[in-house]
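Reader: I've got the model open in a viewer and would like to talk through a few spots. Can you take me around?

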Amino acid sequence: MAESTHFYELFQPTHYNVYLDINRATKVIAGTSTITGDAKQTSIAIHQKFMTISAVKADGKDVPFTFDDQSEGIHIDLGKTGETTVAIDFTAPLTDSMMGIYPSYYELNGEKKELIGTQFETTAARQAFPCVDEPEAKATFDLAIKFDEHEGETVISNMPEVKVINGVHYFDTTVRMSSYLIAFAFGEMQSKLTTTKSGVKVGVFSTKAHQPKELDFALDIAKRSIEFYEDFYQTPYPLPHSWQLALPDFSAGAMENWGLVTYREAYLVLDPDNTSFETKQRVATVIAHELAHQWFGDLVTMKWWDDLWLNESFANMMEYVAIDAIEPDWHIWEVFQTSEAPMALQRDATDGVQSVHVQVEDPAEIDALFDGAIVYAKGARMLVMVRALIGDDALRAGLKNYFATHHYGNATGADLWAALGAASGMDVGAIMNSWLEQPGYPVVSAAVGDGKLTITQQQFFVGEGKDAGRQWQVPLNGNYDAVPEILADKSVTLGDYAELRQTNGQPFRLNVGNNSHFIVKYDDTLLQDILANLDGLDAIAQLQLLQDLRLLAEGRQISYAAIVPLLSRFGVSHSTVVNDVLYGVAGNLRKFVTPDSAEEKALRTLFDRLSAKQVDRLGWTPKADESNDDQLTRPFVLNAALYAKNPESIAAAHKLFVANQDNLAGLPASVRVFILANEVENFSDATIFDQLLNDYRKSSDASYKADLAAALPTTGDAALLAKLIGVFEDADTVKPQDLRAWYRGVLNNSKGEQAAWDWIRNDWQWLEDTVGGDMEFTTYITVTTGVFHTPERLAEFKAFFEPKLNTPGLTREITMDTKVIETRVALIEDEKTAVNEAVAQAVK
Ligand SMILES: [Zn+2]
């Protein structure tokens, strides 16, 4: 990669005075950015993007400047070094890109309204005002905002408003912070406020399109999360307030702007009287994630984007630590096991995946770093390993020290390892660097040979992989005392197996608790021993067993067909995590069958056998006071029953639809999507379809909208599917932030696949123009990859995406995804017959 200079090396800002005049009617932002700092050279550079600059003054005098769009900078000739105040007058467009300063659109009582908000991470603060837009360039900011204001509007920012003069709102000086964490918003808002034990004001803000009660859940979680972190980190929350704001248009999930966190509406506001437990868990973890960042990310920030994982991996672990502490009955770590762990294991098994720590310079490449499976999920698993190794006392002591040393400054991964190492007396860095700097993970094989039990590590691949001889320091968590804490070498022999088995009195197992980032391949002796004692395994161990077997099958180390006969043994479990992995594995079998074939019919029967007893036990309607496990398991079994075309279930769902036709949003939220999908798939006509699509347009209930977006694409009617694709580019119906879910829905329907694929190929340019600037863009490729499984689609995928291989930010995704589809096509080709035979045997 070409050498590039960080602007911070040329000019180090200490304080900003930013004045912004934002006009929604003319869609123009005008302003002045006045930056005081230390010029290290006589020629400096300040970031800007899409701006018109009318004047640049240094210490009050006009100075020459040039533009350079390539580096997104203004180059300024100061003619001096040392302390200088640079004032830049600029104008910029107010666009709908969901980056920089942008409008969100919504309707209130039939009237169209706008709420202006911001999204600056990673490199979009430079679209709002000229600045040294790098995480290391921390400074204090005085923000003054004027806008075409009308009565009833509010403006909020990182810090409290201190005065309003001639329509200009002035905010208190910020603490020393990075530009990407600045935020503000204005428009008509409602809010609910409370105060933490330590006196921090906590608030939840949304448009008035929501009922006031929809703010309550988030307010409670936010308040208790901050109280938890103040205690856990032993470091006070550093600002006077913590606002949470729901924006109707928002590209990511949420953004940790310091003191003003922004969220998708779906991840903040919810109806406390009708929201599924699963959705509540998700909203709570998102809030806890963003609030973890207020210290880890905001108070102490990564020095450069290569250490993005410091922010994200950590927050991704802490969201579970926090929710587990404030809602222990939720068993939230089970969600970690069913979502983050498999996501990380799947993606990290493809050769060409990025490591958690990645060198990066180009802004487009920085956005591509936000790989949910790696920087978030794998990184969080890494930190879970660290936590398990050093324990909470050392973790907390180390963190306290880390915050005290680096607060209002920046840090690298080495700084964190040093702090945790000092607190624990362990060489944390040496252990963790093998995970941080290397892509992939090992499969640890456990085998009995010549009577000896031996364990061996080797990199695990799904698909073709080049074995580079990588080794990891693997925390083994074995259940026999003879197992070392860390496997640092390629292989270790534990001793005589018969003796070990006798002494320990239970089957041999590794990675107990599933907290280390590796999978286990037991030889037949050991696997049969575990399967013979299946009932003695807890739910996490059962999940792990099935998950590892599935991965080994994807990696062609065992046959996929061998897993099929095991499934029925897990179908009786009342545990959510077991049902989650069971139906995940069963769902994977769908790629082996052709639509409307005898094989598909047999597979549907298998689903029916697996789910029937559970459907009887749980029923279609949630009961008061049922266990969390029952609430969370019901969706899996109902979904399976509908796939199975179970007539009683189809009739039961239809009955519920008819009885609630006038208030479908009021159907129990945890089963609503299945009732809607059943109706669309099996009963609906164009009238009902249009009614549901209209509900989607009108509703402000994000979870009901998500259900409709999942249900409508299940129709088998080509004309209705064409109608859906027809609204993909109509932002009044489908907001660009929600389009990916619609696209996936239609693509995933065998009757809509061709039309959806044609749409994305024909309108790729439109898609790039609309959402190309944001960090979620590459996931359109990932979603496509998730569906494709035939040689024809593979060829079409290559023909379309290979010419785009050199597009910055897309290279890795296209390369990896091509490999993923190739691998899947080969697997199906090789194992289809055996898998379908195994299914036929299982349902005989
Ligand atoms: Zn985050």
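Predicted model: local features only at pLDDT ≥ 70, side-chain atom pairs only at ≥ 80, totals over all residues.

Reader: Let's start with the open sheet of five strands: which are its edge strands?

Author: The strand order is E16-E17-E18-E20-E19, and the pairing is mixed. An edge strand pairs on one side only, and that picks out E16 (190–195) and E19 (254–255).

Reader: And which residue in E18 stands opposite phenylalanine 205?

Author: Strand E17 covers residues 201–206 and pairs with E18, residues 241–247, in the parallel sense over five bridges. Opposite phenylalanine 205, the E18 residue is leucine 245.

Reader: Which helix lies across E18, E19 and E20?

Author: Two helices are worth looking at here. H1 (residues 216–232) lies across E16, E17 and E18, at about 150° to E17. The one you want spans residues 277–293 and runs at about 150° to E20: helix H2.

Reader: On to H18 and H19: at what angle do their axes cross?

Author: H18 passes H19 in a left-handed crossing. Leu692, Asp695 and Tyr696 of H18 meet Tyr704, Lys705, Leu708 and Ala709 of H19. By class that contact has five nonpolar, no polar and two charged residues. The axes come within 9 Å and cross at roughly 145°.

Reader: Last one: which element gives the most to the lining of the second largest pocket?

Author: That pocket holds about 1200 Å³ of space. Of its 45 lining residues, those closest to the centre include Asp362, Pro363 and Ala364. Helices H5 (363–368) and H23 (764–771) each give two or more residues. With five residues, the top contributor is H5.

Conventions: Residues numbered from 1 in each chain as written. Heavy atoms only, no water. 1 Å grid on protein atoms, 1.4 Å probe; cavity = no way out; pocket = protein on both sides within 12 Å on 5 of 7 lines; lining within 4 Å. Points joined across faces, edges and corners; volume = space filled by probe spheres on them. Helix = DSSP H or I, 4+ residues; strand = E, 2+ residues; numbered from the N terminus. Axes fitted to C-alpha atoms, helices over the stretch in contact; angles between N-to-C directions. Left-handed = near helix turned anticlockwise from the far one by under 90°. Contact = heavy atoms within 4.5 Å. Nonpolar A, V, L, I, M, F, W, Y, C, P; charged D, E, K, R; others polar. Pairing = 2+ DSSP bridges.
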